[in-house]
Amino acid sequence: METTQHEVVVFGATSFVGRLTCAYLADRYGDDLDWAMAGRSRSRLESVRDEIGAGDDVPLIVADAADPAALEALCERARVVVSTVGPYALYGETLVRICAETGTDYCDLTGEVQWIRRMIERYEAAAAESGARIVHCCGFDSLPSDLGVHYLQRTAQQRFGAPCTRVKMRVKAMRGTFSGGTVASLVNVAREMRADPDLRRALADPYALCPATYRPATRQPDVKGPTFDTDAGAWVAPFVMAAINTRVVQRSNALSKQAYGADFRYDEAQMMGRGARGRLRAYALTAALGGFMAGVALAPTRRLLERFVLPGPGEGPSAQAQENGFYDIRFFGETEAGEKLAIKVVGDRDPGYGSTSKMLGEAAVCLARDIDTATAGGFWTPATIFGDTLVERLENKAGLHFEALT
Ligand SMILES: NC(=O)c1ccc[n+]([C@@H]2O[C@H](COP(=O)([O-])OP(=O)(O)OC[C@H]3O[C@@H](n4cnc5c(N)ncnc54)[C@H](OP(=O)(O)O)[C@@H]3O)[C@@H](O)[C@H]2O)c1
């Protein structure tokens, strides 16, 4: 049996986003990183390795997400496991359990709040005991939001000596589409929520991912429909990823002993422009989003969408579409005393895949190389475990840029 411990093992290397992550690691790090590719089929792993030109010296590890013995063997060979096997609520639990029990560091791309909640409840104690650092949400949801707020708060502390207790995240512009895996995850969340009203209620809680004892009285704002936002100077509409990103940012505040303030308020929305045209677009997007969510929530329309409209497993945007994609996100902060600050975070590829795969690759390398081994085990957020170290990596290597505008 192989005993080498690789710095990073990518589990789900054959997935749409896993392939891109492997291509990024091969391209960016070459021989400078000791990494391996893992998945359930050796032949599919071999094809991906050939396709991305990674070379025979990148080892392949075969493991099925439902085979605990194979996952234990995988963890023995990994300093950090990165998983892109999703929907995570269907395939992800055994690996998280084994990482938590064996002290293996782990990061992934999940945006499934209901599953993250379950993982924290079930395995936080084991991870604290073993020293495993578990970091969910290392893709477009929720790195730019979580690190964007972290960056804004660091700048606010430097300028004003105080945090911004009110922060608005506004997506100014974005170009990109969904892959089959993301659609499958969205559909699964809708299915679980429909089947379980308690879960629906729990997920409506802005503090859904915070420790059970953390219950601030602060009511959180939420952009549910078209609104004119004076800070952004534009009409805004609901942002599809807000339901996950806001929960992660609130967990960061809870884990950092309320570094953003005991009365921290945060919401996310999408900017739609000014004047009558902006207003019309805000109404149109709100209606389209409502229609889509209702469509995935109801079984008959969900089946039709899956069959005829949405991408299937393994499908996603073309290389050209990834290359042409980008995002530009703004953060507007205000301190208790009324001082204001605006931050911009931009990425140079489509958010969901081109940029996500680079962010995930850097999060994994950051976990393997930069995080002090004395850092406690448990379920961290990207901002609380990585902070400035990952901001720097993303700026230097992964095409992101963080900037204070005012
Ligand atoms: N947070 C973000 O910003 C973001 C962005 C992109 C994607 N995602 C998430 O990332 C995940 C992957 O997305 P994707 O589009 O890349 O998915 P995908 O192409 O559909 O791939 C699914 C992967 O899961 C593997 N798999 C399924 N069952 C397995 C099992 N029993 N054992 C081992 N592997 C198994 C598949 O292996 P085979 O190839 O062998 O079938 C494949 O590698 C999804 O959950 C998606 O929501 C998140």
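Hi everyone, and thanks for having me. The model is predicted, so local features are described at a pLDDT of at least 70 and side-chain atom pairs at 80 or more, while totals for chains, interfaces and linings use all residues. Residues are numbered from 1 along each chain as its sequence is written, and side-chain values use heavy atoms, with hydrogens and water left out.

Let's start with the overall layout. The domain assignment gives domain 1, made of 6-140 + 354-400, and domain 2, which covers 142-347. Those bounds come from an automatic or database assignment. Taken over C-alpha atoms, the centres of domain 1 and domain 2 are 24 Å apart.

Now, how many residues of each domain are in contact with the other? On the domain 1 side there are 35, and they touch 41 residues of domain 2; contact here means heavy atoms within 4.5 Å. The size of an interface is often given as the accessible area lost when the parts come together. Domain 1 and domain 2 bury about 3,000 Å² between them, with 69% of that on carbon and sulfur atoms. That area is found with a 1.4 Å probe and summed over both parts.

Next, the polar side of this interface. Across it there are 12 residue pairs in polar contact, with both residues at pLDDT 80 or more. A polar contact is a pair of N or O atoms within 3.5 Å; within protein, one must be able to donate a hydrogen and the other to accept it, and residues adjacent in sequence count only if both atoms are side-chain atoms. Which helix gives the most to the side of domain 1 that touches domain 2? That is α6, with 7 residues. Helices (H or I, at least four residues) and strands (E, at least two) are DSSP runs, numbered from the N terminus. The residues on this side of domain 1 divide into 20 nonpolar, 9 polar and 6 charged. Asp, Glu, Lys and Arg count as charged; Ala, Val, Leu, Ile, Met, Phe, Trp, Tyr, Cys and Pro as nonpolar; and the others, Gly among them, as polar.

On to salt bridges, where a side-chain nitrogen of Lys or Arg is within 4 Å of a carboxyl oxygen of Asp or Glu. The whole structure has 25 of them, and the count between domain 1 and domain 2 is 3. Arg-251 and Glu-124 form a salt bridge at 3.5 Å, N to O. Another pairs Arg-79 with Asp-105 at 3.1 Å, N to O. This pair links distant parts of the chain, from strand β4 to strand β5, 26 residues apart.

Let me also show you some backbone details. The peptide bond from Gly-86 to Pro-87 is cis, with omega near -5 degrees, and Pro-87 lies in the loop between β4 and α4. A cis bond also joins Asp-141 and Ser-142, with omega about 15 degrees. Ser-142 sits in the loop between β6 and α7, and Cys-137 lies in the loop between β6 and α7 as well. Cys-137 has a positive phi, near 65 degrees, in a residue other than glycine.

Note on methods: Buried area is the accessible area (1.4 Å probe) that two parts lose on being put together, summed over both.
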